[in-house]
Number of protein chains: 2
Amino acid sequence: MYFLSIISVSFFLIVASEAKVLNKNANTCEEILGPLVDEIRSYEDVKDKILNYVLNGDFKRKTYDELAIFVDKFGARPSGTQVLEDSIDYMIELSRKEGLEDITTEEVVVPRWERGEEKLTMVEPRIKNMVILGLGRSVSTPPEGITAEVVVVKSFDELENTPDENIKGKIVLYDPIFTTYGETVAVRSQGASKASAKGAVASLVRSVTQFSINSPHTGSQNYADGVIKIPTAAISLEDADLIRRLYDRGEKIVLNLQMSSTYDDTKVSRNTLVDLKGSQNPEKLVIVSGHIDSWDVGQGAMDDGGGLFISWAAPVILKRLNLTPKRTLRAIFWTAEELGLIGAYAYKEAHKEELNNINFIMESDEGTFAPLGLYVSGNTRTRCIAQEVLKLFKSINASTLIEQDGAGSDIAVFTGNGIPGASLYNDNEKYFWFHHTEGDTMNVEDPDELDLGAAFWTAVSYIIADLSEDMA
Amino acid sequence: MYFLSIISVSFFLIVASEAKVLNKNANTCEEILGPLVDEIRSYEDVKDKILNYVLNGDFKRKTYDELAIFVDKFGARPSGTQVLEDSIDYMIELSRKEGLEDITTEEVVVPRWERGEEKLTMVEPRIKNMVILGLGRSVSTPPEGITAEVVVVKSFDELENTPDENIKGKIVLYDPIFTTYGETVAVRSQGASKASAKGAVASLVRSVTQFSINSPHTGSQNYADGVIKIPTAAISLEDADLIRRLYDRGEKIVLNLQMSSTYDDTKVSRNTLVDLKGSQNPEKLVIVSGHIDSWDVGQGAMDDGGGLFISWAAPVILKRLNLTPKRTLRAIFWTAEELGLIGAYAYKEAHKEELNNINFIMESDEGTFAPLGLYVSGNTRTRCIAQEVLKLFKSINASTLIEQDGAGSDIAVFTGNGIPGASLYNDNEKYFWFHHTEGDTMNVEDPDELDLGAAFWTAVSYIIADLSEDMA
C-alpha cells in the first residue's frame, strides 16, 4: 500500500445500528433517494444468496486457498520483474478457467528498483549489526559504505531547526513515534531529500509501524528535484530506540552504511481488466480492484494479495451464480502500485475520455481482515446510496460508512478527482505490523475473514452495478 | 530461558480474593502456621515502605534505566565470551557503588558455541531465501551446504511411524503447533538426534512461538549419545507453514542448508553472589536470582536482563532503606544458563554440603512484565507461608500462588530436589513472541512493570528472609 497524500478522515456515519444516528441520516437519505431506498432494500435476497454461497456453500475457503496457491507459487512480485508478469498471466488463466472471457491487458511502463546487498553496522560506541531495508529508489553507497556520525531528529521541524553545520557530513536518523500511517510516513517518503538539502550524507528512518520483532519496513520514497540523492533505509524500532537512548546520553554514535541497488525505469508491465459485461449498460462501469505487484520483501499476501483475490472473486462468484448486473462489473489488477500508483495513473491517462463511465470504483489495499464497511468518497447522494447498501450487511457487522475524500491508494487517483468510490474498511489494526516486511505472508491471512471479505465485496459491487440509477 | 523438563503445573491457590477458596485454604494454613500468620500480616508497613520507595520514591524507574544502560552497553552476552565477563565485572562494580561489599564470584567451566554463517534456500519448487537460526551446539554443514529433499512431520510419533527409507538422506522439518513451551520445545531440544537416528542428514524446527513477523527463534539442543551429529536450525512459522502447504499439495521440496559454527567447552565464566548479610542467621539464605548470560541474538533484555536487574535491585533497595533481614539475602547472577543451567549446576556442586542453608530460592526468568504472584515449589507449610506473604500484595494484583513442582529454570536444579523456592509469575503472554530472537530488546521492557517487579521481588524476599521461622 502506497500513500498518495495525507487524507483527513472524518467519521460521517458510523454504525447504522445506532438508532439516533440512523434515524437522523436515514430521514435525510430517504428524502434524497426517494424510491431508490426501497429498491436497495429489495436486494436483501440476492445479498443473502451471495453470502450464503461464499460463507457456507461451494465458494467457502476458495478465496484463501486460491490466494495461498498463488502466493506460494510466485512469492514476491516486484514491479518490473518477470515473476510479476508470470503472475499476471496466471491470474488471466485462472479467470478464464472460470468462464470469464472479457479480459484485457493494458501495457504500462514501470520502474525496476532492485535491492542489492544492504548492511548497517554501529561502529561506535560498540559494534552492533543492525538489520535494514533500503527504501524504494534509494541510490547505492560506495562499496566500502558511508561511515559517519548520527544526528537523531523526531521531525522535519526539528531537522529544520538544527543548524546546517550540525547536519553536514552526518547520517540523519528520523525517529518519529507512530501516530497514523498517513502522518508518520512523510519522514520515510521525503526524509532523504530533506536531510540531503541540509548536507546529510545518508538518512535512516525508524520503521513506520506500531510494533516490531526487530523487523524493518521498506517503502517508497522520492528524491526531490535538485537535491543530491543520498542513500536511505529503514531500521527497526528497536535499533532506532537504542540509537536514541545512546544519543540522549550524549554518546557519539558512528555508523557504517553499505547499500547497493540498480534502477531501470524502462520496463513494461500490464494492468489487467476482467469484465463481467453489463446486461443493460455495458459501457458503464463498477470497478473492484487490488494491486498485483508487491514489495520485494515478504510474499505480498496481505499487500495486496488479499485485495487482488477478493476483487478476482467478485466477477467469478457472480458468474457462478448467474448474476449479471445492468452495468459492467470490472475487476482491475493494478500493476506497479508500490512505486507510486503507476498502473492507476496509466489507466487514468489511457481512459481519460471515458472516465465519466465509471459509476463507482472500489479498492481493497489495507488488508482483508474481517470487513467492517467502506470508506466512501463522493457527494451526499453517493454517500446515501452507499449507506443504504451497507445497511444490508448488518448480519456480518459490515455496515459502517466512513466518509473519506480521496479514499483508497490506487483509486485515490480517481476518487481524489471527484469520481465516486470506496475502499474497504476492515478490522486491520495489526496491518502495519506486517506492512512492507518479510512478515507479509499467508500467515497474516485468515480463511474465514477472506470469505467474509469476498462475499461483502461481491455483493456490494453487484448491487451498485445493478441499481436503476447511477451513483452520481 | 532454558527448560529443564516438562513440568506439570497445577493451579493450587488462585486469587486469594475468591472468598471460598480463601476461606478453605486460609483455615488450613492458619491451623498449620498458627501465630506465624499474624507475624506475616505485621509486615504490611514494611511492604508499603518498599513499594512506595520503588513505585513513587527515589527508586522509581531506576530498574529500567539501569537495565537500559547495561543492555545498551553490552548487548548480547553469550556464554564463553569476553563481553559476558565484562558485563559480570560491571554488575559487581554497580553493586559496590551501592555499598554492597559482600560480593563473591565462583568460577564455572562453560561452553562457547559460536554461530558462523547460516543460510537456507528453498531450491525447489522455486527459489526462496529462508531466514534461519542454528540451534545451540549444532554442527556445521560442508561449505557448499547440504542439498536434500524435505520430509515434514508434526511430532516424534509421526517420525517414528515413518519408514526409515523415507527419512534417509533427507532433511526433516518438525512443524508442531505451539501448545505450551514445555510441551512444544521437545522437538527443538531433541529433534536433531531423533531425526539422525532415522537417517536424516539435517533437521529443522518450526520456531517455538505463537506469533511471528518472520522471526526465527534459536535455543538449546543436545545430541544424544551415539547418534551422528547432524546440523539443526529453527525456521520461522511463515516458512515452515509455506513448506507444509507445498508438502501437503504433493510438491517436491528441495532445500540447501549452509551452516557453520565452532564449539569450545573449556571457557571459564563466573556465578556472582551479592550478599546482604543477615542480622541473626547470616548462614541461612534467601536467594533471589536471574541469569546474566544471553543468547547471541537479540540483546538479552528480557531473557534475562529483567530478572537479573530485579534480583540486583533487591539487596540494593534493602540497603538503601536500611532494612536488614534476619537471614542473608543473596542475589545470584547465574552464568551460562542458556546452554543448560551450567552455572546453577556448578553452584549446586560447589555448595553441596550446605544446601540445607537455603531457606528459599527465587528466580525470575520468564519475563518481568507486571508481577502477578509466584509459582511455588515446596511442602504444604512452604505453600502456606508463601500464600500468606502473597496476600500482602493484593494492592498491586500480585497475590496469586500457583503450585509448581520444580519451579524455575536455573533454580529447578534446586526446587526439583526438594528445596523450597519460587519463580516469578507475571503477565507474560507475549514472552515467547520475543524469546531467543533478535526482538529480545529493551522495547519489550516497561519502566512501570519493572518497578512493580522490583518492588514485589524485594518485599517478598525480605519478608521471607526476616520471618522468625524457616520455610521448611
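In which handedness of crossing does α11(A) pass α16(A)? The legends below refer to a predicted model, and the view of the two helices answers the question: the crossing is right-handed.

**View 1. Packing of helix α11 against helix α16 in chain A.** Helix α11 of chain A covers residues 301-320, and helix α16 of chain A covers residues 447-466. Their axes are 8 Å apart and form an angle of about 55°. α11(A) and α16(A) are therefore oblique to each other.

**View 2. Residues in the contact of α11(A) with α16(A).** From α11(A), the contact takes in A:G306, A:I310, A:S311, A:A313, A:A314, A:I317 and A:L318. These meet A:L450, A:G453, A:A454, A:W457, A:T458, A:S461 and A:Y462 of α16(A). Of the residues in this contact, 9 are nonpolar and 5 are polar, with no charged residue.

**View 3. The rotation axis relating chain A and chain B.** Chain A is superposed on chain B by a rotation of 180°, with 0.0 Å of shift along the axis and an RMSD of 0.0 Å. The two copies are thus related as by a two-fold rotation axis. Both copies use the same surface, as 100% of the contact residues of chain A recur in chain B. Among the residues of chain A, A:I213 comes closest to the rotation axis, with its C-alpha at 3.2 Å.

**View 4. Residues 147-242 of chain A, listed in UniProt as "domain: PA".** The listing comes from an unreviewed UniProt entry. In the model, the span is 32% helix and 21% strand.

Technical notes
Residues numbered from 1 in each chain as written. Chains lettered and ligands numbered in written order. Predicted model: local features only at pLDDT ≥ 70, side-chain atom pairs only at ≥ 80, totals over all residues. Heavy atoms only, no water. Least-squares fit on C-alpha atoms with pLDDT ≥ 70 in both. Contact = heavy atoms within 4.5 Å. Axes fitted to C-alpha atoms, helices over the stretch in contact; angles between N-to-C directions. Helix = DSSP H or I, 4+ residues; strand = E, 2+ residues; numbered from the N terminus. Parallel < 35°, antiparallel > 145°, perpendicular 65-115°, else oblique. Left-handed = near helix turned anticlockwise from the far one by under 90°. Nonpolar A, V, L, I, M, F, W, Y, C, P; charged D, E, K, R; others polar. UniProt positions renumbered as here; feature names shortened; annotations may be inferred.
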